[in-house]
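I opened the notebook on this model today.

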Amino acid sequence: MPTMNMLQAINNALDIAMAEDEKVICFGEDVGVFGGVFRATSHLQEKYGKARCFNTPLVEQGIIGFANGLAAQGSVPVAEIQFADYIFPAFDQIVNESAKFRYRSGDLFNVGGLTIRTPYGGGIAGGLYHSQSPEAYFTHTPGLKVVVPRNPYQAKGLLLAAIRDPDPVLFLEPKRLYRASVGEVPQEDYQLPIGEAEVVKEGTDITLVGWGAQMEVIGKAVELAEEQGIACEVIDLRSLLPWDADTVVESVLKTGRLVVSHEAPLTGGFAGEIAATIQERCFLYLESPITRVTGLDTPFPLVLEKEYLPDHLKIFEAIRESVNF
């Protein structure tokens with residue numbers, strides 16, 4: 001089985017999708033000959049031509065508006081927003097058009113073939129305009145799906161599933177892991193289910209939930225916890241919309257404790273949705289308050305990035321406090 005980093009796995013998934021279906025089209029800022037700012041679309045224009053992999057103007061609203069039109073006409077557009085921080089000019093197109101197209105037309109038309117790829121998150125010293133985690137803005141939008149891989153294997157399988165999914169999918173790629181995350185990836189075509197969490201590690205004392213690059217950080221915290229005899233169950237949601245509440249509920253009913261961690265700010269972050277759902281369904285089984293370990297309620301800093309991010313030490317402290325409550 002070949003070894004790939006996350007960028008290579010994404011490129012491989014796009015290659016497979018474009019080879020299989022001539023209706024798959026990739027476009028965005030600098031995705032053509034340049035291969036994208038991170039090189040995720042390298043060689044696709046060379047292989048499939050300028051009609052199927054091409055550059056767009058620097059206008060995010062136009063990229064997604066164009067993608068909606070293509071999808072409504074039966075194409076399978078894979079649109080790239082160069083950084084998730086710059087997705088907001090396209091916000092209206094995504095939440096008011098992409099998400100509602102099928103509903104408002106009574107399914108006479110839909111843009112279910114649409115996939116929006118975008119790198120997100122911190123850890124690259126990108127400052128406030130190249131580090132944000134905007135997932136919660138979109139999980140509040142019925143009609144969308146939101147997916148976040150944590151490693152190359154997931155990136156390929158989930159991206160292929162997203163491209164073939166009957167609903168529009170926002171595919172958030174943790175850019176800190178683009179080259180840092182390396183693993184075995186099957187060369188052949190495969191898909192991973194959207195909406196199903198993965199229990200990465202089983203345990204009996206406490207449940208930890210996260211997604212994307214934060215899973216690596218959670219893993220380091222779990223190593224510290226287990227040195228003190230705390231058996232942690234770790235769940236990677238993989239999909240935020242829909243999110244697999246049943247898997248988390250089943251775990252918390254067993255452990256009685258929950259810590260949720262994400263890079264985005266605390267207030268309005270998706271951890272709050274998880275916490276609310278779990279306390280509704282597991283209240284009488286909880287041994288301690290549900291804890292959120294997140295980014296701070298400030299703009300994303302450059303110099304103080306390490307202080308801002310929810311690192312393994314913050315998560316470890318939350319684990320200890322929960323277990324000792």
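**Entry 1: helix H4.** The model is predicted, so I keep that in mind throughout. I began with the burial of H4. Gln93, Ile94, Val95 and Ser98 of that helix are buried. What covers them? The cover includes H3, helix H5 (101-104), strand E5 (115-120) and helix H6 (135-139).

**Entry 2: H3 against H4.** I then looked up how H3 and H4 pack. H3 spans residues 60-72 and H4 spans residues 91-98. Their axes come within 8 Å and cross at roughly 25°. Angles under 35 degrees count as roughly parallel, so I log H3 as roughly parallel to H4. From H3, the contact uses Gln61, Ile64, Gly65 and Asn68. From H4, it uses Gln93, Ile94, Glu97 and Ser98. By class, I find 2 nonpolar, 5 polar and 1 charged residues in this contact. Gln93, Ile94 and Ser98 are on the buried list for H4 as well. An α-helix has 3.6 residues a turn, so residues three or four places apart point the same way.

**Entry 3: cysteines.** How many disulfides does a search of the whole structure find? It finds 0. I checked cysteine 26 for the reason. Its sulfur is 5.5 Å from the closest cysteine sulfur, in cysteine 53, and that is too far for a bond. The cut-off for a disulfide is a pair of sulfur atoms within 2.5 Å.

**Entry 4: glutamate 196.** Where is glutamate 196 found? It is in the loop between strand E8 (182-184) and strand E9 (198-201). With a relative accessible area of 43%, glutamate 196 is partly exposed. I listed its contacts, not counting residues up to four places away in sequence. Glutamate 196 touches Leu237, Arg238, Ser239 and Asp244. I also took a distance to glutamate 307, which lies 111 residues apart from glutamate 196 along the chain. Their C-alpha atoms are separated by 32 Å.

Note on methods:
Residues are numbered from 1 along each chain as its sequence is written. This is a predicted model: local features need pLDDT of at least 70, side-chain atom pairs count only at pLDDT 80 or more; totals for chains, interfaces and linings use all residues. Side-chain values use heavy atoms; hydrogens and water are left out. Axes are lines fitted to C-alpha atoms, for helices over the stretch in contact, and angles run from 0 to 180 degrees between N-to-C directions. Helices (H or I, at least four residues) and strands (E, at least two) are DSSP runs, numbered from the N terminus. Angles under 35 degrees count as roughly parallel, over 145 as roughly antiparallel, 65 to 115 as roughly perpendicular and the rest as oblique. Contact means heavy atoms within 4.5 Å. Ala, Val, Leu, Ile, Met, Phe, Trp, Tyr, Cys and Pro count as nonpolar, Asp, Glu, Lys and Arg as charged, and the others, Gly among them, as polar. Buried means under 20% relative accessible area, exposed over 50%, partly exposed in between (1.4 Å probe, protein chains only).
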